[in-house]
Amino acid sequence: MPDVFVVSDNILSPLGLTTAENFAQLTKNITGIKEHNDANMSASSFYAALFDKKNDLIKDSNESIYTKFEQILNASVSNALENSGIDTSDKKTILIISSTKGNISLLETETFNSTLQKRIALHTSAKLVAEYFRFVNQPVVISNACISGLLAILVGLRLIQSGQYENAVIAGADVISKFVLSGFQSLQAISDEPCKPFDQARSGISLGEGAGTLILSSRKKYEEGIKIMGGSVNNDANHISGPSRTGEELAGVITKALQEANISASEIDFISAHGTATLYNDEMEANAITIAGLQSVPVNSLKGYYGHTLGAAGLIESIISIHSLKENLVLPTMGFKQPGVTKPLNICSALLHGPFQNCLKTASGFGGCNAAIVYGRSGNMLN
């Protein structure tokens, strides 16, 4: 099978409109999570990382045929494609869209009928984005709870490895609405302060909105960079919303990802965990990391900076991990002070300098889904 390399990327978030802007803010320990008082979204104040309503990037629906969700997707893909050398009209290039909620917020403002039902469908948004960039192939849509972003990357990897395509443009996004926020509030999963992944005082998640794009290719001219070493996905079918209590299933995909990457646990230099800051998720991940023999490896969670960006989380957090490899710099876990899981982990609490060769990204989600991907340096980057 051909090797698959990272060509370019973009992160579009409340912290910045490019990956460089985002990474710079993170190294300065700046978070996008703020307290919001918006009666249209919640009767009480809440903490989240939201785009400024006056953001010039996002036009009112009366001014654009594209929704906010589609506008941030378009902006992210556009930036990633710029100077990438990837031709969207090439039959060997595929577009993959990742989201958990898409345009579901339209249910709050529009009358439900067959037209709205079609407009909300994720394949409608994917088609609009594909047409905007003149992709010739029908886009692929991935929506599988909170592993959607990682799963989309794995689908892109497999499609290239199979020989069907040489390039994959993988974009993910979600926006936060009353519908989304109230759903998590009903589960009593929202923290009443900025989230604190893996911390003893953690009390739930903070939500966030954003978009991320990662472009992959098997073409040799891109081999002097970051390579996707391997990955795996499974479903433990434990519970519709509760994670496994043992962590064995997430440990399983970690082990399979390492096997596909042909490296041992000792060769992982850092882990970008899902780290939602809920009581059970963080405990499950600690168990899984320990079972996989990675308990001494530095671990961070980026949720304290971005909140949980749902269908974009796996992409945004992978991109930051990729640039951590490039910059030999692992970011601290914002909000973490005291260990709050029963299996001791090496949680990053300050900037950690390399050199680094390989990193592991994990994710888990509702319905029992788990995913893991290994990224590594390739070519001259090794030197």
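A residue counts as buried when its relative accessible area is under 20%, as exposed over 50%, and as partly exposed in between, using a 1.4 Å probe and protein chains only. The model is predicted, so local features need pLDDT of at least 70 and side-chain atom pairs count only at pLDDT 80 or more, while totals for chains, interfaces and linings use all residues. Residues are numbered from 1 along each chain as its sequence is written, and side-chain values use heavy atoms, with hydrogens and water left out.

**Strand S4**

- Strands here are DSSP runs (E, at least two residues) and helices likewise (H or I, at least four), numbered from the N terminus.
- Strand S4 (residues 93-98) is largely enclosed by the rest of the structure, because 6 of its 6 residues are buried.
- Thr93, Leu95 and Ile97 point one way from S4, Ile94, Ile96 and Ser98 point the other way, and all are buried.

**Partners of S4**

- Two strands pair if DSSP finds at least two bridges between them.
- S4 runs parallel to strand S6 (residues 167-174), with 6 bridges joining them, and Ile96 stands opposite Ile170 in S6.
- S4 also runs parallel to strand S5 (residues 140-142), through 3 bridges; here Ile97 stands opposite Val141 in S5.

**Lining of the largest cavity**

- A cavity is a set of points on a 1 Å grid over the protein atoms alone where a 1.4 Å probe fits but cannot get out; lining residues have an atom within 4 Å of a point.
- Phe270, Ser272, Asn300, Leu302, Ile320, Ser321 and Ser324 line the largest cavity.
- Helix H11 (313-327) and strand S10 (270-272) each supply at least two lining residues, and the largest share, 3 residues, comes from H11.

Note on methods. On a 1 Å grid over the protein atoms alone, a cavity is a set of points where a 1.4 Å probe fits but cannot get out, and a pocket is an open set with protein on both sides within 12 Å along at least five of seven lines; lining residues have an atom within 4 Å of a point.
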